[in-house]
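Please keep the structure in view while reading.

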Amino acid sequence: KFNERETLVKTIENYIDYYNNERIQRKLHLMTPLEFHEQCQTAGKEIPWLIIISQGKSKTKTYSYSLSA
């Protein structure tokens with residue numbers, strides 16, 4: 001149980017940070033979502049999802065990268 005709203009919000013923010021940056025996923029070849037995103041960005045692949053937390057608001061954005069000719 002959470003007695004204060006601030007404690008609940010901070011706990012949720014910490015979990016979202018862990019979920020987006022630290023958890024290892026088998027589907028992503030044992031990389032974290034952030035590592036996978038960075039690798040795809042370097043390779044010039046499209047990333048169809050990325051959750052960004054900014055000032056307590058969650059936004060889903062689509063990023064597309066292409067290789068230079």
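Ile12 belongs to helix H1, which covers residues 5–21. Together with Phe2 and Leu8, Ile12 forms a nonpolar patch on the surface, and the three residues have about 260 Å² of accessible area together.

A pair of aromatic rings is described by the distance of the centres and the angle of the planes. The count comes to 2 aromatic pairs. In one of them, Tyr15 and Tyr18 are tilted, at 6.1 Å centre to centre with 40 degrees between the planes. Because Tyr15 and Tyr18 are 3 residues apart in helix H1, about one helical turn separates them. Tyr18 is partly exposed, at 37% relative accessibility. Tyr15 and Tyr19 form a tilted pair as well, with 6.1 Å between centres and 40 degrees between the planes. These two residues are 4 apart in helix H1, so they too are separated by about one helical turn. Tyr19 has a relative accessible area of 35% and is partly exposed. Through these ring pairs, Tyr15, Tyr18 and Tyr19 are linked into a cluster.

How far can each region be read? The protein averages a pLDDT of 74, and 64% of the residues score at least 70. Among the elements, H1 has the highest mean pLDDT, 92, whereas strand E1 (residues 51–54) has the lowest, 48. Over residues 62–69 pLDDT stays under 50, and the model has 16 contacts beyond four places in sequence for them. Where pLDDT is low, the predicted coordinates should not be read in detail.

Terms used. Residues are numbered from 1 along each chain as its sequence is written. This is a predicted model: local features need pLDDT of at least 70, side-chain atom pairs count only at pLDDT 80 or more; totals for chains, interfaces and linings use all residues. Side-chain values use heavy atoms; hydrogens and water are left out. Patches are made of residues with over 30% relative accessible area and no salt bridge: like charges are joined within 9 Å, nonpolar side chains (Val, Leu, Ile, Met, Phe, Trp, Tyr) within 5 Å. Accessible areas come from the Shrake-Rupley method with a 1.4 Å probe; for residues, only the protein chains shown count as cover. A salt bridge is a side-chain nitrogen of Lys or Arg within 4 Å of a carboxyl oxygen of Asp or Glu. pLDDT is the predictor's confidence in each residue, from 0 to 100. Contact means heavy atoms within 4.5 Å. Rings of Phe, Tyr and Trp (its six-membered ring) pair if their centres lie within 6.5 Å; planes under 30 degrees apart count as stacked, over 60 as edge-to-face and the rest as tilted. Buried means under 20% relative accessible area, exposed over 50%, partly exposed in between (1.4 Å probe, protein chains only).
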